[in-house]
Amino acid sequence: MNEGWLALLQQALGLLFSLDPDVWSIIYVSFSVSFAALLITLVPSMVLGFVLAFAPFRGKWLVTNLVQTLQSIPTVVIGLLVYLLLTRNGPLGDLKWLFTQEGMILGQMMICAPVMVAMSQAAFTSVDRRAWETSRTLGASWIMAVWTVCRELRMPLLLAIVAAFSRILTEVGCSMMVGGNILNVTRNIPTAIALETSKGDFAQAIALGLVLLILALILNFALGSLRGKATPRSH
């Protein structure tokens, strides 16, 4: 049994280090789609999180709870919603994005945004408001004051970005429904792992799983290092 596991691991590493075109095409699709969704969603989500934390307005409680609820919706339900929007008779059917990377990006944006809005709102809420008020009192523009607050909160905001990226990079339901799992077009790491496991091709599934594991380790070590540098030393 152990020899079997060892053989599978060797095959998986062989696929990665031999630059197997199918495996690396899947990795490329996965990262390009998720990076695009993250970049498009980043600024609007942070702005909304800031507004929810600082601006008093009617309905704020409702919007906050709506955002928090959206975080917990299963990705397959979001996939169903995007599918219905993009299907030929749907309101966005003319875009012809169903079973394309553009459709996957749209779905991942809908998954990513609530996570970043909720976590950035929590970060902005925790900040000492005197940083904002002092900047404004000293004549800083609105944008510079926001930048000052963001610098104070760089670690919580980085954590929000990492959490959102991890969520969309590993989701299966939406990508499977909207992308269709088409090789070299829309097949990403989670959908490929599900497919290859069902076919019994564990080597490719393990190879792709290793990529996600290595990414998680890199992100955690990087964040841990940054957090250590950001923590004031006690004397």
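A crossing of two helices is termed left-handed if the near helix is turned anticlockwise from the far one by less than a right angle, and right-handed if clockwise. The model shown is predicted, with local features requiring pLDDT of at least 70 and side-chain atom pairs counted only at pLDDT 80 or more, whereas totals for chains, interfaces and linings use all residues. Residues are numbered from 1 along each chain as its sequence is written, and side-chain values use heavy atoms, with hydrogens and water left out.

**View 1. Overall arrangement of the chain.** The chain holds eleven helices and zero strands, where helices (H or I, at least four residues) and strands (E, at least two) are DSSP runs numbered from the N terminus. Its pattern along the sequence is α-α-α-α-α-α-α-α-α-α-α. Taken along the principal axes, the C-alpha atoms occupy a box of roughly 65 × 60 × 25 Å.

**View 2. Packing of helix 6 against helix 7.** Helix 6 (residues 129-137) and helix 7 (residues 142-152) have axes 9 Å apart and pack at an angle of about 150°. Axes are lines fitted to C-alpha atoms, for helices over the stretch in contact, and angles run from 0 to 180 degrees between N-to-C directions. Helix 6 and helix 7 are therefore roughly antiparallel (angles under 35 degrees count as roughly parallel, over 145 as roughly antiparallel, 65 to 115 as roughly perpendicular and the rest as oblique). Their crossing is right-handed. Helix 6 contributes A131, W132, S135 and R136 to the contact, and helix 7 contributes W142, A145, V146, T148, V149 and E152; contact means heavy atoms within 4.5 Å. By class, this contact of helix 6 with helix 7 comprises six nonpolar, two polar and two charged residues. Ala, Val, Leu, Ile, Met, Phe, Trp, Tyr, Cys and Pro count as nonpolar, Asp, Glu, Lys and Arg as charged, and the others, Gly among them, as polar.

**View 3. Crossing of helix 2 and helix 8.** The axes of helix 2 and helix 8 come within 10 Å and cross at roughly 140°, which means that helix 2 is oblique to helix 8. The crossing is right-handed. S30, F31, S34, F35, A37, L38, L42 and M46 of helix 2 make the contact with L157, I161, A164, F165, I168 and L169 of helix 8. This contact has twelve nonpolar, two polar and no charged residues.

**View 4. Crossing of helix 3 and helix 5.** Helix 3 (residues 60-71) and helix 5 (residues 101-126) cross at roughly 130°, and their axes come within 8 Å. The two helices are therefore oblique to each other, and their crossing is left-handed. In helix 3, T64, V67, L70 and Q71 meet P114, V115, V117, A118 and Q121 of helix 5. The contact of helix 3 with helix 5 divides into six nonpolar, three polar and no charged residues.

**View 5. The largest pocket and its lining.** The largest pocket holds about 330 Å³ of space. On a 1 Å grid over the protein atoms alone, a pocket is an open set of points where a 1.4 Å probe fits, with protein on both sides within 12 Å along at least five of seven lines, and lining residues have an atom within 4 Å of a point. Its 15 lining residues include V43, M46, V47, V146 and C150, which lie nearest the centre. Helix 2 (21-54), helix 7 and helix 8 (154-170) are the elements that give two or more residues to this lining. The lining divides into 14 nonpolar, no polar and one charged residue.

Technical notes
Points joined across faces, edges and corners; volume = space filled by probe spheres on them.
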